[in-house]
Amino acid sequence: MNKYLIVAGIIAFIFLVFYRIKNTVVADSNSVKEKLQNGAKVFDVRTVEEFQSGHYPGAVNIPIDQISKRIEEFGDKSRPIIVYCASGGRSSSARGVLLSFGYTDVTNAGGLSSMPK
């Protein structure tokens, strides 16, 4: 019986990992550039330490675990917002949180290295 529970747990874990990867939708660089040209506000959702080690020019650092507490800093809910992190996972989660708060134009740019130069 325990062997079956372990196998079921492993299968569930693998499913969740692939589900998260599949749902980490990252915008293409052209749409990110277009959003920036149209006045999008850029948010870095990495930790303060990661942000201090290098970030996109003009980006505001609001770590993923502080979004709910600092929601007013995102401003107008209809203004275009771009979020990024290190690889796209946290920014995908941040996008979901912002959409749940009623923000209507939130783009996941993926990782810092994916941001336009």
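Q: Which residue in S4 is the bridge partner of Cys85?
A: This is a predicted model, in which local features need pLDDT of at least 70 and side-chain atom pairs count only at pLDDT 80 or more, while totals for chains, interfaces and linings use all residues. Residues are numbered from 1 along each chain as its sequence is written, and side-chain values use heavy atoms, with hydrogens and water left out. S3 and S4 pair in the parallel sense over five bridges, where strands are DSSP runs (E, at least two residues; helices are H or I, at least four) numbered from the N terminus, and two strands pair if DSSP finds at least two bridges between them. Within S4, the bridge partner of Cys85 is Gly111.

Q: In what order do the four strands form the open sheet?
A: Strands of a sheet pair through backbone hydrogen bonds, either parallel or antiparallel. Here the pairing is parallel, and S1 (residues 41-44) joins S3 (residues 81-85) over four bridges. The order of the four strands in this open sheet is S2-S1-S3-S4.

Q: Which strands stand at the edges, each with a single partner strand?
A: An edge strand has one partner, so one of its sides is left without a neighbour in the sheet. The strands in this position are S2 (60-61) and S4.

Q: Is Asn108 buried or exposed?
A: Asn108 is found in strand S4 (residues 106-111), and six of the six residues of S4 are buried, so this strand is largely enclosed by the rest of the structure. Buried means under 20% relative accessible area, exposed over 50%, and partly exposed in between (1.4 Å probe, protein chains only). Because its relative accessibility is 2%, Asn108 counts as buried.

Q: Which residue's side chain does a polar contact of 2.5 Å join to that of Asn108?
A: A polar contact is a pair of N or O atoms within 3.5 Å; within protein, one must be able to donate a hydrogen and the other to accept it, and residues adjacent in sequence count only if both atoms are side-chain atoms. The side chain joined to Asn108 by this contact of 2.5 Å belongs to Ser91.
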